[in-house]
Amino acid sequence: MSIQWFPGHMHKARLEIQSALPKVDVVMEIIDARIPYSSENPMLADLRGDKACLKVLTKSDLADPHRTEEWLEALNSSSSTRARAVTTDDVPTIRRLKSALIGMCPQRKGRLINAMVMGIPNVGKSTIINFLAGRKVAKTGNTPAVTQHQQRVDIGDGVILWDTPGMLWPKVHNVSSGYRLALIGSIKDTAMDYTDVGFFAARYFMEQYPDRLAKRFELESIADTEMAVIEDIGRRRGCLGRNNKVDLERASRILIQEYRTGGLGRLTLETPATMQRERILTQKAMVEAEEAARLKDEKRKKRFKTKQKAQRKSREMDASRRDRRQ
């Protein structure tokens with residue numbers, strides 16, 4: 001599955017962010033604790049450059065706590081980055097993020113601090129802003145693309161938040177990241193194939209969290225293939241059609257919703273080791289794609305030149321025949 005979902009307001013947001021960044025002192029990037037790597041927008045990383053960045057891992061109550069600790073250690077190892085894990089139930093922890101932002105801007109002591117809030121859709125960015133502001137200033141929702149315009153929010157103590165729309169990047173090159181984004185709900189369901197995502201989820205869970213699958217769906221054992229796992233889930237949940245054939249899409253939807261709502265427990269979809277491995281593979285794939293595009297363009301140009309040459313020769317022959325007739 002290749003996911004490409006980049007609504008017009010996201011393109012506009014990118015330009016607005018690029019224009020506003022010179023006035024920004026620190027960036028607060030909201031990422032999902034279940035997929036800290038895949039929910040980190042590489043385009044935003046390019047835009048912010050070497051500015052100090054506070055990475056906030058939201059929905060940590062849905063993530064594997066041991067994996068979250070691994071991620072915090074990895075992210076805090078960078079000199080320009082600090083990381084905090086939060087949940088929407090722990091309001092005091094969220095409000096302490098303001099102190100973290102102030103601490104990352106010692107050069108601005110006694111002066112106004114401009115902090116830009118970035119993040120992909122549906123990671124809880126607006127919820128974080130509302131808690132920091134102590135009032136509802138940003139729209140919230142369980143679907144992507146709720147915030148579509150920038151706004152400035154004064155959260156007190158000399159800190160101004162610049163809220164930006166949740167923004168994906170034009171093409172998700174890492175296929176696995178695309179599946180993970182779809183699985184947590186950061187991509188509109190109309191832009192994904194439930195069965196594809198369900199099969200990806202089944203394969204990962206049967207490898208990493210087989211006991212959770214077995215317990216939640218009351219399975220006596222975990223099958224050897226993702227197809228068989230989805231079919232077992234479908235039978236347990238009554239997703240049967242004609243001739244008792246399992247409706248794979250319905251069964252996949254159930255698995256995805258169980259994960260999104262925490263029915264399977266606290267599960268994380270990637271680790272820092274996953275990030276390192278996939279970064280290398282993705283870079284290689286991008287280089288190969290660029291080379292393939294270059295060769296395709298060269299062939300197209302060659303065909304065009306050959307066609308032009310043939311047309312020119314044909315015109316010359318026609319002109320020669322006309323001259324002989326005259």
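Is K98 buried or exposed in this structure? With a relative accessible area of 15%, K98 is buried (buried means under 20% relative accessible area, exposed over 50% and partly exposed in between, with a 1.4 Å probe and protein chains only). The model is a predicted one, in which local features need pLDDT of at least 70 and side-chain atom pairs count only at pLDDT 80 or more, while totals for chains, interfaces and linings use all residues. Residues are numbered from 1 along each chain as its sequence is written, and side-chain values use heavy atoms, with hydrogens and water left out.

K98 also takes part in a salt bridge with D157, with 3.0 Å between the closest N and O atoms (a salt bridge is a side-chain nitrogen of Lys or Arg within 4 Å of a carboxyl oxygen of Asp or Glu). K98 belongs to helix 5 and D157 to the loop between strand 5 (151-154) and strand 6 (159-163), so the pair ties together parts that are 59 residues apart in sequence. Helices (H or I, at least four residues) and strands (E, at least two) are DSSP runs, numbered from the N terminus.

In total, the structure holds 19 salt bridges. One of them joins the side chains of R108 and D25 at 3.5 Å, N to O. R108 sits in the loop between helix 5 (97-103) and strand 4 (113-119), and D25 in the loop between helix 1 (8-20) and strand 1 (26-32), so parts 83 residues apart in sequence are tied together. Both R108 and D25 are buried. R34 and D32 form another salt bridge, at 2.8 Å between the closest N and O atoms, and both of these residues are buried as well. A network of salt bridges links E29, E40, K55 and R279.

Turning to the nonpolar side chains, the largest nonpolar core has 60 residues, of which M28, L97, L161, F205, L213 and L255 touch the most other members (a core is a set of buried Ala, Val, Leu, Ile, Met, Phe, Trp, Tyr and Cys residues joined through side-chain atoms within 4.5 Å). Helix 8 (residues 194-208) gives the most to this core, with 9 residues. Another core, of 14 residues, lies apart from it and includes I17, L21, M118 and M167.

As for the cysteines, the count of disulfides is 0 (a disulfide is a pair of cysteine sulfur atoms within 2.5 Å). For C105, the nearest cysteine sulfur is that of C53, 11 Å away. C105 is buried, with a relative accessible area of 2%, and C239 is buried at 1%.
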